[in-house]
Structures are given as C-alpha cells and as structure tokens.
Amino acid sequence: MDNHEAKFILSAYRPGGQDAGDPRFSDALEQARRDPMLEQWFRESVAFDAAVAEKLSATAVPADLRENILAGGKVSRPSRWTKPFVRWAIAAAFVLVAIVGSLVLREAARPRLAAWQTNALGVISSVINGKSKFDFQAHSATELVSWLAANHAPVAQEIPQRLVGLQSLGCKTFSWNGTPVSVICFMREDGGLVHLVAMSPSRQTRAGTTHDPQIVTQGAWATATWQAGDAAYMVALEGSREQLRSYLL
Amino acid sequence: MSAVDFQQLVDRQYAPLFRFGLSLAKSEAEAADLTQQTFFLWVSKGDQLRDRTKAKSWLFTTLYREFLNKRRHEVRFPHVELENASEYDVGVSPNVNALDSATVVEALRELEEPFRAVLTLFYLEQFSYQEIAEMLEIPIGTVMSRLSRGKAQLRQRLLSQEETAARKIIPMEKEKRTENG
C-alpha cells in the first residue's frame, strides 16, 4: 500500500476514533505509524476533520423550526382510518360484505315455489310415504281424469304427451286455502314417480305463474309450473332438472 | 408512534437534519422546509420502519431523497462528471478554528452536491462510510472517493476564505499605520 492509497482510505476515518477497530483501516493506520510524513498528514487530517465537524455542529438552527415541526407533525398524523392495518381491515370487511351480500341477493333472486306448490309437494310426499292414500287408483290416466272431473276436482285440460304414455298409479284431491287441487301420480320408466298437479283458477294461479313452464328445484324436488287458461299446473318429480324436462316434451 | 416519542425524536434530530439540509440546499428556508418535510413523512410513514434504531438513518436518507426529488424538478444544477472533477491536492491545511461556522458552512455549500452530502453526513453525525453508503445508496468505494476528494476541495475553499479574510485585514492595518505615521 502506498501513501496515496493510505490517504484515500484514511480520509474515511472518523475524527472521533470510532473506526480504530475497523479492519478496513488497519493497513493504512499501520502505514501511517511507519511513515512519519503520512503520520503527520493523518494527524492534520484528523484535526481538520474535528474542527470542521465542530464548526458545522455549531451552525445556528432557525428558532421556530422545532415548533413548526411539532405543530406540522400533529396535522400530518394520519387518521386511524388511513393506517395500513385499518385500511386492510376495512378492505377485508368490504370484500366480506360483498360476498355475503351477493350470496344473499343470489338466494333472494333464486326462484322459489309458491305456497300452494309446497303444500302440494307435502301432500304428494305423504302419499308416497304411506301417511295418506290415493282418493282413486287406476293404471289409466284417462280413468283418473274422468274420476276427477266427476268429483268436480280440477283437471288438466291437456296432459303432457310424455305423461300420457306412462302408467298412472292414482289421484288425490285436497284443498289449499279453499281452492281445490288435484294430483295424478305416474310411474316413470326408471321406477320413480312423476306427478301432475292441477289447481283451479284462483288469485294464486294468476299470480306468479307464466304460460311457459318455469322450472324450480327445491330440496330433492324438481318442479315445472305453468299456467293454461286460468288454471295452474305443476309437474314434479324427485330428481334432476334434466329428468324433469324430459317429461315436459 | 406517540406524540411524546415524536417530540423526543424531533428534539434529538431536527438540528442535525437541518444542518444536513443546509449543506445541500441553497438557502436556510429550503433547508428548514426539507427538515420539516422529512419529519412529516416520518409521521405518515415512520410506522413502516420495523427497526426503530434506524430512525436516524431513515430521517437522513429521506431528507436526501427529498432533496434529490426537488432538484430533479428544478434542474438547477448542471450535471457534474465526478470522475473528471479536479482534485485539489493541497499540502497546507487551513486553520479552521480561526474561521466562523458560517464561513465553513459556506465553503461546504460551494462543493458539488454529491461531495456535500457525503461530507456533511461524515462531519455532522459522524456516520461511518458504510452507513453513508447505505443512506445514499452508493458503493463504499464511492463514499471513500468522495470523502477524499471532497475534503481536498473543502480545504482549498477554506484556504481561499482564509486568504480573502487576510486581504481584508491587511489594508486596514496599513491604513492605520499611514494615519498614525
């Protein structure tokens, strides 16, 4: 190491002596101990640095600077709403609300069965489970329709073609809020059942039903409801929408 | 950070920060503005600093960045090729003790900005070359180079100040002798 290099390194040596143990300076310091000229330069350099440091530290600071900083600090303090954690928490809450809200809206927008339809499914279930019995049993839909008509029960003016081809089991009538309702049960090819419900003209049939079949699923049930004339009809089965659609053709 | 902690930090650092700002800026007002801006940034962003022992380095680094940002907008200084900046190899050291603080600060402020930043951090807070390298985001070798050449330039300017001061004094003594004689 020559003196030029030693001076270069020793220029970074702090006058307070904090760097005495820094190995990066050890060779240059050793060089200064061996070379009187370099040692003299180093001593003057440290003295110069110490004097400059002292002068700079004595530089006057504006009298009002401290108060201005403290006052400005108060107004610069972010509100608790802008702290990072709170911002994340708020964002997470918004996301949660959005998710829950969309689920609620989706659930609310989901088509539901009317009360008379739910009631009809209950009656059908009770027959299937043996809790109640058919009013009339016959393997021919035509026979069942005749029986219903004779008993002043609502009858479908037109039975879907796929149902006509099925073997029927029986029919049952009941009243929902004073409005007569009838059910004809058919045996499906796959061994399951499919039911045709007819409800006499009423406010309920006029409200919420359309001329085109509206498919709604509820639990294990798939239902299709439509209006023809003033009466409302529902085809229901325990199965999928696709299975149901095949009986509407 | 509580208001008390903030006040303690201000009390410890506002004067050195202002002096650092003064060495960089062209006016006392600008230095004060930089100092305040630095503390206001601390208020809004200081919470992000996990190691609170580095608050001091954070403040000096932030002030320097703020200064550079302002300069980029103002483009007041021409670009200086530091590698080609002349190094004043003066064999004589000025008698700094005989000069007042304002003269030393003025001489420092006449240096090119990169030298000023490194020298001020070195002198004011006696930051190590490693700390300065981290704060200014420059290699250690560059810090040493700027310290070496910056000090040489500072000596040159302080010597000039000494000579100027001496010239001002001598004619007055001559005048007095003439009057007495």
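Two strands are said to pair if DSSP finds at least two bridges between them. The model described here is a predicted one.

## Strand pairing in chain A

In chain A, strand β2 (residues 179–187) is joined to β3 by 7 bridges, and the two strands run antiparallel. Within this pairing, Met187(A) stands opposite Leu193(A) of β3(A). β2(A) and β3(A) form a hairpin with 5 residues between them. In the turn of that hairpin, Gly191(A) has a positive phi of about 95°.

β3(A) also pairs with strand β6 (residues 231–238) of chain A, through 6 bridges and again in an antiparallel sense. Here Val194(A) has Leu237(A) in β6(A) as its bridge partner. Strand β3(A), which comprises residues 193–199, is mostly covered, with 6 of its 7 residues buried.

Another strand of chain A, β4 (residues 214–218), contains Gln214(A). This residue counts as partly exposed because it has 15 C-beta neighbours inside 10 Å. The C-alpha atom of Gln214(A) is separated by 5.2 Å from that of Thr225(A), although the two residues are 11 apart along the chain.

## The two chains as a whole

The overall content of each chain is set out below.

Read from the N terminus, the elements of chain B follow the order α-α-α-α-α-α-α. Of the 249 residues in chain A, 29% are buried, whereas in chain B the buried share is 38% of 181 residues.

The contacts within each chain can be described by their separation in sequence. In chain A, 53% of the contacts with a separation of 6 or more are accounted for by residues 24 or more positions apart. In chain B, 71% of the contacts between residues at least 6 apart join residues at least 24 apart.

## Where the chains meet

Contact between the chains involves 32 residues of chain A and 34 residues of chain B. On the side of chain A that touches chain B, the elements that give two or more residues are α1 (3–10), α3 (36–57) and α4 (65–76). Of these, α3(A) gives the most, with 9 residues. By class, this side of chain A has 15 nonpolar, 9 polar and 8 charged residues.

## Helix α6 of chain A

Helix α6 of chain A has 14 residues, 115–128, and at 1.5 Å a residue it should span 20 Å. Its end C-alpha atoms are 20 Å apart, which agrees with that expectation. The buried residues of α6(A) are Trp116(A), Gln117(A), Ala120(A), Leu121(A), Ile124(A) and Val127(A). Seen down the axis of α6(A), these buried residues fall within an arc of 140°, so they line one face of the helix. On the other side of α6(A), Ala115(A) and Gly122(A) are exposed. The helix is followed by Gly130(A), which has a positive phi near 80°.

## Nonpolar cores

The largest nonpolar core has 60 residues, among which Val118(B), Leu121(B) and Ile132(B) touch the most other members. Apart from neighbours within four places in sequence, Ile132(B) is in contact with Val118(B), Leu121(B), Phe122(B), Phe127(B) and Val143(B). A second, separate core of 35 residues includes Ala120(A), Val194(A), Leu196(A) and Ala198(A). Ala120(A) is also one of the buried residues of α6(A), and Val194(A) is the residue paired with Leu237(A).

Most residues other than glycine have a negative phi. Which residues other than glycine have a positive phi near 60° or near 50°? One is His152(A), with a phi near 60°. His152(A) is found in the loop between α7 (141–150) and α8 (161–164) of chain A. It counts as exposed because it has 10 C-beta neighbours inside 10 Å.

Another is Gln126(B), with a phi near 50°. In chain B, Gln126(B) belongs to the loop between α5 (113–124) and α6 (129–136). With 18 other C-beta atoms within 10 Å, Gln126(B) is partly exposed.

Terms used
Residues numbered from 1 in each chain as written. Chains lettered and ligands numbered in written order. Predicted model: local features only at pLDDT ≥ 70, side-chain atom pairs only at ≥ 80, totals over all residues. Helix = DSSP H or I, 4+ residues; strand = E, 2+ residues; numbered from the N terminus. Buried ≥ 20, exposed ≤ 12 C-beta atoms within 10 Å, placed from the backbone. Contact = placed C-beta atoms within 7 Å. Nonpolar A, V, L, I, M, F, W, Y, C, P; charged D, E, K, R; others polar. Expected span 1.5 Å × (residues − 1). Arc of directions from axis to C-beta. Core = buried A, V, L, I, M, F, W, Y, C linked by C-beta atoms within 7 Å.
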